[in-house]
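Me: Hi! I'd like to go through this model with you, piece by piece. Could you start with one of the helices?

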Amino acid sequence: MSDTRALLTALREGEAVAPEAFKGFASGLADSSVSDAQAGAFAMVALLKGLTREQRVALTLAMRDSGDVLNWQLDRPVLDKHSTGGIGDCVSLLLAPALAACGAAVPMVSGRGLGHTGGTLDKLEAIPGFKTGLDEAEFKRIVTKGHLAIVSASANIAPADKRLYAIRDVTATVESLDLITASILSKKLAAGLGGLVLDVKTGSGAFMKTRKDARDLAQSLVNTANAAGCRTSALVTDMSQPLVPSLGNALEVAEVMRMLKDPKDSPLLSISAALGGVVLSDSGLSDTPQTGAEAIINAVQSGQAAEAFGRMVHAQGGPVRFVENWQRLLPEANNIRELRAPEAGYISAYAGEALGLAVVHLGGGRSVETDKVDPAVGLTELLPLGTYVNKGDPIARIHASRADQTKQAEAAVLHSITIGERPEIPTLIYERVS
Ligand code: URA
């Protein structure tokens, strides 16, 4: 109690704080000897006064060490990728198996949908039987044997973050750059990574709406992860339109399966190759980011990434031959309705957050934590920015479980698509931060 009070006083007054003070605070969060009031005060002082670079690293390491930290004894680099979240962002499902096919081990601890964005775990759980809640022994066994698993954080991965995140949520302190950094990295570093690449998204479908905010977050994550001993780079990438033409859990898995079985040039493949190239070259598995990107594309085109995906699905409880039979195994919605352009013009803007929320309201995401996600619902055949449409042309298909939901979704989707002037087409990858 008195240690936490001393920590809060020092942060309030801008005085020096020893790393041990953050260790005590994080273990107090995990064992509940730090109270909710103290945790809320900590979050607010961090938001209002900010942490120094050293304090941010000390907090991240302390939160990482508040639970188990995995230790891999493998003959290959242990790598991962993390995205700050977007719409139609199914990169992890393509990149993780491609990295495994390129010689990495990928123990990916992933998240669920948050706000308007989808989550990798919810997408994978659209596959019948797929289990994301593995215990640590099973997780280690699958990664050691097959070099790839995608799981939820077990109760003992960074428990300090679980507690602090819930308190930030109700104390208007989620936005703190320092706390976002420590939250994301404490979980990733607890997975025992040797290298990490971050996809920091910006635009209407991202949390960071401006390039500057995205760059600041990327820099904070990269500096902190490297100071904590994990070789990390970031790309700042565009999220002003969906990354693939579909939004929704099973519908995005279907996009990835099409890419794995019949690869085509697309934003999904380009971003996956760029991110994969960076982390392969940072880890020494390729000479340069360019040759690394080529290796990722080759892993997809040769079918090796599809094989790695299939092995992971089976190891985590899904069907044996999912990659061959995905079309009949993924759930489908009962009501599919075409949405038509109300006027002629170019697809000139997406209100990404509103589009993502339209899928949440169809049941594809959660409004409250206890909501059950409907894997089948969502949108398909969304058009890229800059496409010209005539009045009455199809601009999307709505997949709903009940007919009455399609009407509501129709209005929400139409509201989030602007048809008008020819837009400037945004660059897919803005910059690398290392
Ligand atoms: N994701 C996290 O895990 N934590 C944050 O604070 C924000 C996004």
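Reply: Happy to. Helix α5, residues 91-101, is mostly covered, with 10 of its 11 residues buried. Buried here means under 20% relative accessible area, exposed means over 50%, and partly exposed is in between, with a 1.4 Å probe and protein chains only. Helices (H or I, at least four residues) and strands (E, at least two) are DSSP runs numbered from the N terminus.

Me: Before we go on, what kind of model is this?

Reply: This is a predicted model, in which local features need pLDDT of at least 70 and side-chain atom pairs count only at pLDDT 80 or more, while totals for chains, interfaces and linings use all residues. Residues are numbered from 1 along each chain as its sequence is written, and side-chain values use heavy atoms, with hydrogens and water left out.

Me: Thanks. Which residues of α5 are buried?

Reply: Val91, Ser92, Leu93, Leu94, Leu95, Ala96, Pro97, Ala98, Leu99 and Ala100. Just after α5, glycine 103 has a positive phi of about 105°.

Me: Which residues other than glycine have a positive phi?

Reply: Histidine 147 is one of them, with phi of about 70°; it sits in the loop between α7 (136-146) and β3 (148-152). Another is alanine 158, where phi is near 45°. Alanine 158 belongs to the loop between β3 and α8.

Me: Is alanine 158 buried or exposed?

Reply: Alanine 158 counts as buried, because its relative accessible area is 0%.

Me: New topic: how is the chain divided?

Reply: Into domain 1 (4-64), domain 2 (79-325) and domain 3 (335-420). Those bounds come from an automatic or database domain assignment. Taken over C-alpha atoms, the centres of domain 1 and domain 2 are separated by 28 Å.

Me: And how many residues of domain 1 are in contact with domain 2?

Reply: 25 residues of domain 1 are in contact with 27 residues of domain 2, where contact means heavy atoms within 4.5 Å.

Me: What does threonine 60 touch?

Reply: Leaving out residues up to four places away in sequence, threonine 60 touches Ala182, Leu185, Ser186, Leu189 and Thr224. Threonine 60 is in helix α4, residues 53-64, and is buried, given its relative accessible area of 0%.

Me: How about the largest nonpolar core, how many residues has it?

Reply: The largest nonpolar core has 78 residues, and those with the most contacts inside it are Ile127, Phe309 and Phe322. Domain 2 (79-325) and domain 3 (335-420) both give residues to this core, so it lies between them. A nonpolar core is a set of buried Ala, Val, Leu, Ile, Met, Phe, Trp, Tyr and Cys residues joined through side-chain atoms within 4.5 Å.

Me: What does isoleucine 127 touch?

Reply: Not counting residues up to four places away in sequence, isoleucine 127 touches Val253, Phe309, Val313, Pro319, Phe322 and Leu330. There is also a second, separate core of 32 residues, including Ile142, Leu193, Ala214 and Leu217.

Me: Let's switch to the ligand. Which residues surround it?

Reply: The ligand is surrounded by Tyr165, Arg168, Ile180, Ser183, Ile184 and Lys187; a residue is near a molecule or strand if one of its heavy atoms lies within 4 Å of it.

Me: Which helix gives the most to that shell?

Reply: α9 gives the most, with four residues. α8 (159-170) and α9 (177-190) each supply at least two residues of the shell.

Me: Where are the polar side-chain atoms relative to the ligand?

Reply: A polar side-chain atom of arginine 168 lies 2.9 Å from an oxygen atom of the ligand, and a polar side-chain atom of lysine 187 lies 2.5 Å from an oxygen atom of the ligand. For serine 183, an N or O atom in the side chain is 2.7 Å from a nitrogen atom of the ligand.

Key:
A polar contact is a pair of N or O atoms within 3.5 Å; within protein, one must be able to donate a hydrogen and the other to accept it, and residues adjacent in sequence count only if both atoms are side-chain atoms.
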